[in-house]
Amino acid sequence: MSIDSLVSKIQEYDRTADADTIARAYEFSERVHRGQKRMSGEPYLTHPLAVADIIADMRLDVPCVVTGLLHDTVEDTLTTLEEIDEVFGVEVAQLVDGVTKISKMEADDREIAEAESIRKIILASAKDVRVLLIKLADRAHNLRTIDHLPEERRRRMASETLDLYAPLASRFGIYWLKSEFEENTFQVLWPDEHRDVREKLTLHKLEREGYIEEITNLLTKRLAEAGLESEVSGRTKSAYSIYAKMRKQDLHYDDVHDVVAFRVTVDTDRDCYDALGLIHNNWRPVPGRFRDYVALPKANMYQSLHTTVIGEYGERMEVQIRTHEMHRIAEFGIAAHWKYKSGDDETAEAERYGWLQQVLEWQRHLDDARQFVHKVKEDLFADDIVCFTPRGHGRTLTKGATALDFAYRIHSEVGDHCTAARVNGQLVPLRYQLQAGDTVEIITTSEQQPAREWLKIVKTPRARHRIMDAIKSADRLRAIALGRELLDRDLAFKQHDIARLHREGRMPDLLKHFTRDDEDALLEAVGYGRIRTKQVVEHLFPETEAAEPSRRRAALGKIMKLLERQKKTLPAVRVTGDADSMVRLGKCCDPLPGEPIIGFMTRGRGVTVHSVECERLADSDDERRVEVVWEKGARTARDVRLEVVSRDRPGLLAGMSHAIAQTGMNIKKAYVRTTGEGRALNVFEMTLFSHDDYERVCRNLRRVPGVKDVKRLRT
């Protein structure tokens, strides 16, 4: 690739492209990267040029191409964002900033730094999706040249790509890039399995190509006879997609009967359905294998009809039917319809992509970068469904979402006051799980308020965060009212009340002494028990302290010394807004650093920290709950038991042990037994230090062929 061929490629789809700006970006990048080499020994400039070429393959605009040429200048050279802004303008500078990793930060380990960088890129993408597209192009070229990296870095990059960037490419409909990511990571992470599948595909290549040609000609002929103009093509599925199906369904290669798929491209939506009817008339459809993404597009705007039929030789045959425009969007995804020259406001454009806006909501609730990235990965792998309002407006939800999730998907106010729902005209409970295509009517009343039990009903992060916010707000109002009542009661013994404190001008001093911003914050602390009314009275009327016997003061001093010694061994958790509270981890659920937690105030014992999923919290007093957060970088050793349900086969235990060992964790105990029907139940006990450790172990175990399910066993 040369700069001239790059410019020619861009001008093929954008005749107005500014070739001079692209050339200046190339010259700028060449100058600042001069002397730098890649691991392959090639000049570093080959990388930004290749990234710009991939961006051109996605048919993105000139600022994206320019950013591709400049994307590493701030991170890897002495270039500053101010220079980029001055030379290429604020738009390019913002894009370069979005894809630039956070390299100069106070982080104790690489994992935190990488998580912070990923969060920065994703949040920048929520404001301008081109940041994500440029990052995907960057990752694509790095994977194409991954062989030059050391083994550890290869596996780390491949694992991150499969866990994050491949699902991101899928989420935004860029399926060719998703497929490339999967294929390149497959041979790095599972080289033996990759070689085995590729060899089997090669073994039957000629036979398969002949079958594809025969069926393609037959489909074309039948469609033409029906008066339908079409383009028919066939392809062999990727090695990774075949391997993923083998793992998911616990199959051997010889048991996979749909290695080949066919695509029919027609002119109109009606032609899609006509072609479907013709195919079903000629070949018997497989029940349950039809999907209509034309009438119900995916969240990434993908449209196509999918069906599986029994083909000419009794083999299953997958067929996709779409229009030419649908095919263009299926190829380029979000890049096919992200317009910057339409005159629309970019914020309005971004609102079309609800998932990105959801990411912004998570950011407000998840302070820890690793927890944020974990939540993004978790949501990326979730399947989506589309349900409709009574007026026919579609809403995309995670598969398994409930009627209450749908209420919050419409608006937080609708969710807060939701009392019931009708699905397809039938009254259903709020916990009813929605199916694709359902029409949902939400019934509300002004008296209804969010309840803590709702957290057990909802499945989507959006609804969960909205409910938690509403509960916290209600809890705070109750705590303020209770604090006011308690303080007025004790002040009455001194012939005072809160109103008199205001008249005497004593409230500012009180707030300063207890480091609270306003009266409500002080009363909230009193209501929650973080500040005792006795402390307030003693500060206002110090003669109470002077009158206290020296014996009681001495006893108090001993207690304070004991508390100070205990605080040195406290877990790495703090109570929001109260750094002095004693905390301890609940033994019932053994929360790991990084997982969502909540505190429960226990009289005389400080705050006990529980996982938000802990069953013991279900019936606890709401007014004694407090918000707690993990300290940055917290790591606390906890003994964890994992239950693994797997297929009963020779060598599986060794595979699972190896998967755990790859994470650096050590198995303390293991219990293995068969359950019949070819299944085995395995329990591993190990010491973990964070929720990320737990997720990493689970992820590795789930990748072991034969593993069905992995979950944590709590006390």
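Which helix lies across β9 and β11? Helix α20 (residues 403-410) does. The views below come from a predicted model, in which local features need pLDDT of at least 70, side-chain atom pairs count only at pLDDT 80 or more, and totals for chains, interfaces and linings use all residues. Residues are numbered from 1 along each chain as its sequence is written, and side-chain values use heavy atoms, with hydrogens and water left out.

**View 1**
Contact means heavy atoms within 4.5 Å. Helices (H or I, at least four residues) and strands (E, at least two) are DSSP runs, numbered from the N terminus.

**View 2. An open sheet of three strands has the order β10-β9-β11.**
The pairing is antiparallel. Two strands count as paired if DSSP finds at least two bridges between them. Strands β10 (426-428) and β11 (440-444) form the edges, each pairing on one side only. Neighbouring strands of this sheet are turned by 35° against each other on average, direction ignored. Strand β9 (residues 418-423) is joined to β11 by five bridges. C418 has T444 in β11 as its bridge partner.

**View 3. Strand β6 (residues 316-323) is largely enclosed by the rest of the structure.**
Why is β6 described as largely enclosed? Because seven of its eight residues are buried. Buried means under 20% relative accessible area, exposed over 50%, and partly exposed in between (1.4 Å probe, protein chains only).

**View 4. Strand β6 pairs with β2 and with β5.**
Strands β2 (residues 260-266) and β6 run parallel, joined by six bridges. Here R263 is partnered with Q320 in β6. Strands β5 (residues 305-310) and β6 run antiparallel, also with six bridges. T307 stands opposite V319 in β6. The hairpin of β5 and β6 has five residues between the strands. In this hairpin, G314 takes a positive phi near 75°.

**View 5. Cysteines without a disulfide.**
How many disulfides does the structure hold? The count is zero, with a disulfide taken as a pair of cysteine sulfur atoms within 2.5 Å. C589 is in no disulfide. The nearest cysteine sulfur to C589 belongs to C614, 3.9 Å away. C589 is buried, at a relative accessible area of 2%. C387 counts as buried because its relative accessibility is 0%.

Technical notes: Axes fitted to C-alpha atoms, helices over the stretch in contact; angles between N-to-C directions.
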